[in-house]
Amino acid sequence: MSTLRQLVTSLQSPTLLDASLNNVLAFIKFSCMAKPAIYQSMQDVQHSPLSLPQAVAHLLADVLDLDLDLIHSYWTELRSAVWCHDVITPSTIDVKRFNACRRAHGIAYGDLYPPTRVCLSPECPNFRHNDDIATLSDPVKYKATRFTLCFGAVPIHSTSTYCRKCLRRYHYNYVVDKGASSRTYYHGVPNVIQAATHYFIDTAVLELFATAKVFGWLSSMNCARIYNTALRNVDSYILNNPLAFSSVIDQYEEDTVTWPCLLQMRDEDVLNGFFIYSLLLDKAERRAQLILSHDTQQRLRIDAALISRNKDMEGIGQEAYPHACDKCFVVLEDISGSKRKLQAAVCDGNTIGHPCCAIHDCKKPLDSHRLRFCSDHQGDYAQVCAVNGCKSECASGHHTCDDPEHRQLEIAYYKPSKALFQLQARLKKAGVILPTDSIVENHDGEMEEELIMRPCGVILARATFYGSEAVSAVNDFAKAVFPTKTSTPEYFVFDNNCKLRAHQETIQDTHFCNTGFPVDVFHFNSKHKETDTYCQLHCNPAAFPDLLDNGKWCFNTSICEQTNVWLGGYQAILRCMSVHRYNFYLDEMIKRRNRYIISELHRGGHNPWSIPITSLT
């Protein structure tokens with residue numbers, strides 16, 4: 001029987017004949033909003049319950065301002081219509097009205113329950129192919145905050161259930177197996193992500209944040225500030241502008257809810273939510289499940305998953321690696337009709353980076369960003385004078401030796417009353433990185449972030465160089481990105497190609513024997529001498545006629561320089577991140593930017609396609 005037919009039949013009952021249409025429709029609407037709580041109280045959900053759970057009945061009576069007996073009568077007549085109505089989109093006013101009664105009855109719109117009512121382990125006796133009949137029990141409910149896009153910050157309850165057979169506890173996002181000390185996330189990406197024990201963020205909000213990070217370089221703190229200012233309250237546009245809305249401001253009051261969990265979003269929840277959301281997206285794309293440790297802190301369990309994903313992203317791991325389009329891939333045809341491909345890659349570096357050990361090329365992470373050396377080098381070098389080039393031992397209580405000039409540098413650097421250094425401190429706080437020509441406060445490891453791109457703007461890969469941009473490191477990076485000779489490009493553009501090519505000849509590395517090594521026009525004119533015969537012979541871009549088409553360059557060989565402007569916007573955000581978070585964050589930003597670049601290429605009619613990965617093996 002259809003829902004409409006059921007409703008019409010129900011309205012003919014003596015109980016509803018004298019009822020107002022508004023009351024009937026409101027009852028159906030708010031009963032549908034309470035269905036998750038009703039489900040939770042039932043074992044068999046194939047049919048609607050004969051009577052409402054006591055808490056739900058009292059809640060509906062308060063929300064609708066109706067007598068409790070009338071609520072039960074309405075349910076008796078309308079329960080079939082309610083049960084067949086699966087989807088409802090309440091207004092913000094409906095949600096406010098519903099949740100205004102949550103404290104008295106422990107039910108709120110937006111409450112979270114496990115997505116299953118039966119055990120999902122096939123080996124468990126409580127496993128079922130459908131969850132009409134619940135096999136999970138022992139619900140545990142606690143208070144939390146849910147940050148939504150449509151309804152603002154909502155006080156909610158999160159409930160978990162238990163399998164008494166296999167001893168697993170089912171939460172909204174994951175299953176906890178205490179025997180294995182693990183939490184296994186469900187397949188796919190949920191609508192809400194648990195960022196911390198008591199804080200949940202809607203996926204739509206996290207997607208908004210991720211997009212803002214890509215195009216606006218927003219830090220997690222600024223994302224939280226934007227949410228708290230503009231989205232936390234659905235009436236923020238009025239509350240934030242009381243003079244403009246003076247005629248109606250009295251009708252809008254900011255929520256002053258007494259709740260044990262903050263209704264203000266925190267920057268750490270934004271960042272943890274972003275990491276978990278990104279990990280779940282990655283697993284869903286790979287048709288896999290995210291499994292984290294359970295008996296550790298949130299930060300540690302997330303970092304373990306980031307390390308694994310970072311390893312997958314090295315070399316050819318970027319999603320857009322197989323990309324090709326007519327802005328980076330050209331097919332040439334000679335007069336005989338034979339064809340050959342012409343594909344280019346561009347390489348360049350950027351000085352953003354995370355703190356690292358001050359010992360050149362040391363890749364071991366620092367135990368703390370306040371340290372200059374990793375644990376392997378701390379003992380031998382921590383007591384060395386901080387002035388660059390000085391090998392003397394630090395004086396007791398100082399970062400420099402007894403040399404008066406060195407001591408004056410330290411005094412000047414740390415003296416807060418000096419106006420210059422106060423201004424420098426403000427610059428640092430604002431995220432501007434200062435040069436450290438003479439003294440380093442926390443670390444002096446030189447960092448270089450290297451990109452390899454297609455001329456169309458798609459980033460193939462990145463790598464962190466722990467030290468200067470040595471051509472040996474560039475060569476190793478290029479071989480990781482183009483692991484076989486069939487995958488190597490016809491042209492590899494790099495501003496120091498003459499040194500790179502000479503290095504390959506010296507070590508007799510023939511991996512790129514079919515690749516030309518031109519220098520882009522800008523760097524060739526500004527950094528390479530006319531008297532350098534080797535450079536002129538092998539790297540002058542004019543010596544490669546394939547790169548020219550009617551006097552114009554076929555490819556944008558300055559793409560890395562242009563992209564570094566975008567990449568440099570993350571310097572302040574990334575500078576204080578741990579190595580694992582730094583790498584994951586940057587890879588995720590590149591992945592999302594690549595998707596946008598490719599979508600723009602589609603719109604521009606540049607016919608993007610993918611090169612089969614099998615051609616690399």
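Author: For helix packing, axes are lines fitted to C-alpha atoms, for helices over the stretch in contact, and angles run from 0 to 180 degrees between N-to-C directions. Helices (H or I, at least four residues) and strands (E, at least two) are DSSP runs, numbered from the N terminus. This is a predicted model, in which local features need pLDDT of at least 70 and side-chain atom pairs count only at pLDDT 80 or more, while totals for chains, interfaces and linings use all residues. Residues are numbered from 1 along each chain as its sequence is written, and side-chain values use heavy atoms, with hydrogens and water left out.

Reader: Are α3 and α6 roughly parallel or roughly perpendicular to each other?

Author: Helix α3 (residues 21-33) packs against helix α6 (residues 68-84) with the axes 10 Å apart and at an angle of about 70 degrees. Angles under 35 degrees count as roughly parallel, over 145 as roughly antiparallel, 65 to 115 as roughly perpendicular and the rest as oblique. The two helices, α3 and α6, are therefore roughly perpendicular.

Reader: Why is the pair of Y174 and Y185 classed as it is?

Author: Rings of Phe, Tyr and Trp (its six-membered ring) pair if their centres lie within 6.5 Å; planes under 30 degrees apart count as stacked, over 60 as edge-to-face and the rest as tilted. The structure holds 20 aromatic pairs. In the pair of Y174 and Y185, the ring centres are 5.3 Å apart and the planes stand at 55 degrees, so the class is tilted.

Reader: How many residues apart in sequence are the parts that this pair ties together?

Author: Y174 belongs to strand β4 (residues 174-177), and Y185 belongs to strand β5 (residues 182-185). Y174 is buried (under 20% relative accessible area, with exposed over 50% and partly exposed in between, for a 1.4 Å probe and protein chains only), at 4% relative accessibility. Y185 is buried as well, at 1%.

Reader: What does N310 touch, not counting residues up to four places away in sequence?

Author: N310 lies in helix α13 (residues 298-313). Its relative accessible area is 10%, so N310 is buried. With that sequence exclusion, N310 touches H580, N583, F584 and D587.

How values were computed:
Contact means heavy atoms within 4.5 Å.
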